[in-house]
Amino acid sequence: MSDVRYDEGGGKGRYFIERPEGVAELVLSLSSPRLVIAEHTEVPTALEGQGLARLLLDALLADAREKGFRIVPLCPYVNAQRRRHPEWAELFSG
């Protein structure tokens, strides 16, 4: 996950990976220190198929475990992955 960086400000956060072809990102709303809303994941067409969305999600999951917050999976990608991985259930709200 060394490519993944995190940035926040104004009640929003994002995990992102910068490449010459563009920026892949997973955008969050920071509801509280205990709850974040995964709003959307975007990967530029030129970067699709490289597993970048999963790297971004893995970084979010690792932070949720470490910092003790729960995730509201508004983003369709995050929600689909949550459904495929019932072992992550304790990290999600709703």
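Contact here means that heavy atoms lie within 4.5 Å. The structure is a predicted model, in which local features need pLDDT of at least 70 and side-chain atom pairs count only at pLDDT 80 or more, while totals for chains, interfaces and linings use all residues. Residues are numbered from 1 along each chain as its sequence is written, and side-chain values use heavy atoms, with hydrogens and water left out.

Helices (H or I, at least four residues) and strands (E, at least two) are DSSP runs, numbered from the N terminus. Helix α2 spans residues 76–84. Within α2, the residues V78, N79, A80 and Q81 are buried, where buried means under 20% relative accessible area, exposed over 50%, and partly exposed in between (1.4 Å probe, protein chains only). The cover over the buried residues of α2 includes β3, β4 and α1.

Axes are lines fitted to C-alpha atoms, for helices over the stretch in contact, and angles run from 0 to 180 degrees between N-to-C directions. Angles under 35 degrees count as roughly parallel, over 145 as roughly antiparallel, 65 to 115 as roughly perpendicular and the rest as oblique. The two helices, α1 and α2, are therefore roughly perpendicular to each other. On the α1 side the contact is made by A53, R54 and L57, and on the α2 side by Y77, V78 and Q81. These residues divide into four nonpolar, one polar and one charged; Ala, Val, Leu, Ile, Met, Phe, Trp, Tyr, Cys and Pro count as nonpolar, Asp, Glu, Lys and Arg as charged, and the others, Gly among them, as polar.

The largest nonpolar core has 23 residues, of which Y15, L26, A38, L60 and I71 touch the most other members. Such a core is a set of buried Ala, Val, Leu, Ile, Met, Phe, Trp, Tyr and Cys residues joined through side-chain atoms within 4.5 Å. At least two of its residues come from each of β2 (12–19), β3 (22–32), β4 (35–42) and α1 (52–67). The most, seven residues, are given by α1. Apart from neighbours within four places in sequence, L60 is in contact with Y15, L26, L28, V36, A38, F69 and I71. In soluble globular proteins, nonpolar side chains tend to be buried together.

One aromatic pair is found in a search of the whole structure. The ring centres of Y6 and Y15 are 4.7 Å apart and the ring planes are at 45°, so the pair is tilted. Rings of Phe, Tyr and Trp (its six-membered ring) pair if their centres lie within 6.5 Å; planes under 30 degrees apart count as stacked, over 60 as edge-to-face and the rest as tilted. Y15 is buried, at 3% relative accessible area, whereas Y6 is partly exposed, at 32%.

Individual residues were also considered. A24, in strand β3, is buried, with a relative accessible area of 0%. Not counting residues up to four places away in sequence, A24 touches Y15, F16, I17, E42, V43, P44, L52 and L56. R70 lies in strand β5 (residues 70–72) and is partly exposed, at 37% relative accessibility. A46 is placed in the loop between β4 and α1 and is exposed, with a relative accessible area of 51%.
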